[in-house]
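Open the model in your viewer and follow the stops below. Each stop says what to select and what is there.

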Amino acid sequence: MFGAIALTLLGLLVAVLLLRAACFRPRPQKPLENAPVEFDKDAAVTALQKLVQCKTISYNDPAMEDDAEFKKLISLMPSLYPRVFDVCSFQELPDRALLLRWPGKSGDAPAVMMAHYDVVPVNEESWEKPPFSGIIEDGVLWGRGTLDTKVTFNGILSAAEALISQGFVPEHDIYFAFSGGEEVNGMGAVNIVNYFKEHSIQPALVVDEGGAVVENVFPGVKAPCGLIGIAEKGMMNVRYSATSNGGHASAPPVKTPITTLANACRNVIRHPFKMHITKPAREMFDTLGRHSGFGLKIIFANLWLFEPVLDLICRLSGGELNALVRTTTAFTMMEGSNARNVIPAQANLVSNMRLNPADTVAGAKAHLEKAVNDPAVEITVLESFEPSPISETGCESWDKVATSVAQTWPGCIVSPYLMVQCADARHYRDLSNHVYRFSAMDMTADERKSIHGNNEKIRLESIAKAVEFFIRLMKQC
Ligand SMILES: [Zn+2]
């Protein structure tokens with residue numbers, strides 16, 4: 001009798017799971033008006049080439065920076081985008097911030113389009129072509145910063161240049177907000193945000209670098225996905241220190257700073273942060289999960305039951321999927337004594353943490369203290385910032401960005417996601433809950449790897465796509 005009831009219930013459960021999976025179908029897309037956009041593609045390519053030729057490298061030590069190269073880029077702008085400089089006001093704010101305002105029919109609810117024009121250093125010997133010559137070969141422009149992110153800097157300005165020449169005036173003001181120190185957490189974007197606050201300018205829409213149109217990033221989904229970041233993880237660098245009286249390595253005590261820290265490290269790794277499927281991950285699973293295979297649909301359509309399974313998969317696989325759903329810990333630095341036969345008086349470990357939107361800096365520190373559970377280990381938070389707020393998705397601003405992505409890359413599945421890296425957009429936290437992080441490009445896995453790496457280069461068609469995206473977006477602003 002009991003067995004029969006259990007079997008019936010199990011059968012019912014399986015039926016519910018299968019039915020939910022069967023109904024978990026892609027949402028119908030509204031048909032898109034998709035008029036072609038007109039602009040001068042050659043001019044856009046040449047402009048990006050000129051920008052790449054400026055060695056605007058940011059260093060943590062500002063003394064190593066070549067200010068003349070930053071000035072050179074700024075002085076080139078009016079000749080590369082002459083109509084923009086006819087129509088828009090332009091000002092430089094401290095820390096290499098550039099702010100342009102394109103007056104619309106109304107000054108209310110403006111849009112802000114962001115980019116940074118500094119780049120990270122290069123390891124020139126490892127490049128196949130010189131990183132700052134702007135060489136174009138076989139339909140590809142080589143150079144540091146082509147992808148990150150002079151392409152969007154140029155995309156924004158070339159789009160405005162084209163629209164202004166066609167006599168277009170946006171409904172609302174559009175600001176172009178550029179920073180020259182994003183790669184070293186410079187203050188440029190902060191100064192622009194402060195300017196907005198001082199002038200009571202409240203953006204209805206902010207777009208900065210972030211996701212892209214990418215393939216093979218979600219299990220079981222073959223189609224390209226246009227991922228728009230609606231939040232950014234927080235960041236925290238943590239130092240773990242242990243001390244001793246030092247001494248010679250020939251008669252070691254049972255515990256040394258190194259063994260203490262090794263235990264601490266093991267304990268942190270054994271106690272991963274709790275999985276939290278926050279809005280960006282939930283909406284991503286709910287959008288892309290509908291396009292995956294039936295087996296995976298059973299999981300994504302029934303997360304109420306399968307969350308523990310997903311948790312286990314994420315823990316075991318690590319990487320991008322895991323980073324979407326929990327705070328991650330990457331141990332990055334360690335130091336002990338500087339002689340092979342000396343026990344260190346102090347040893348240090350450093351971990352770089354990326355905080356899930358559900359966690360906080362204080363909560364993460366408390367978690368680490370509990371996991372380490374050793375008074376001999378001193379845990380210090382070195383630098384930190386909280387996760388960004390989560391931007392809205394069911395609103396007009398989201399629709400404008402999402403539509404522009406779908407129009408520019410027909411056939412791609414547009415989805416919210418959580419950005420695991422940091423960008424200047426995080427500074428807009430008190431100013432807008434319509435901050436969207438999208439680098440207007442379709443990128444291959446190799447292209448993504450070349451960002452901050454060797455042989456960064458961009459296909460000329462990608463340069464044009466970025467312009468096209470911003471034209472479509474600006475037309476709706
Ligand atoms: Zn960047």
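**Stop 1: a helix pair**

Select residues 41-52, helix α2, and residues 460-474, helix α15: the two pack at an angle of about 105 degrees, with their axes 9 Å apart. Angles from 65 to 115 degrees count as roughly perpendicular, so α2 is roughly perpendicular to α15. Keep in mind that this is a predicted model.

Now show side chains. Which residues of α2 meet α15? They are K41, A44, V45 and L48. On the α15 side, pick L460, I463, A464 and V467. Colour this contact by residue type: 7 of its residues are nonpolar, none is polar and 1 is charged.

**Stop 2: the two domains**

Zoom out and colour by domain. Domain 1 takes residues 41-231 together with 388-474. Domain 2 takes residues 234-385. The C-alpha centres of the two domains lie 32 Å apart.

**Stop 3: where the domains touch**

How many residues does each domain bring to the contact? Domain 1 gives 19 residues, and domain 2 gives 19 residues.

Stay on the domain 1 side. Select strands β8 (225-232) and β13 (413-419): each supplies at least two residues of the side that touches domain 2. Which element gives the most to this side of domain 1? That is β13, with 5 residues.

Finish by colouring the domain 1 side by residue type. Here 15 residues are nonpolar, 3 are polar and 1 is charged.

Note on methods:
Residues numbered from 1 in each chain as written. Predicted model: local features only at pLDDT ≥ 70, side-chain atom pairs only at ≥ 80, totals over all residues. Axes fitted to C-alpha atoms, helices over the stretch in contact; angles between N-to-C directions. Helix = DSSP H or I, 4+ residues; strand = E, 2+ residues; numbered from the N terminus. Parallel < 35°, antiparallel > 145°, perpendicular 65-115°, else oblique. Contact = placed C-beta atoms within 7 Å. Nonpolar A, V, L, I, M, F, W, Y, C, P; charged D, E, K, R; others polar. Domains from an automatic or database assignment.
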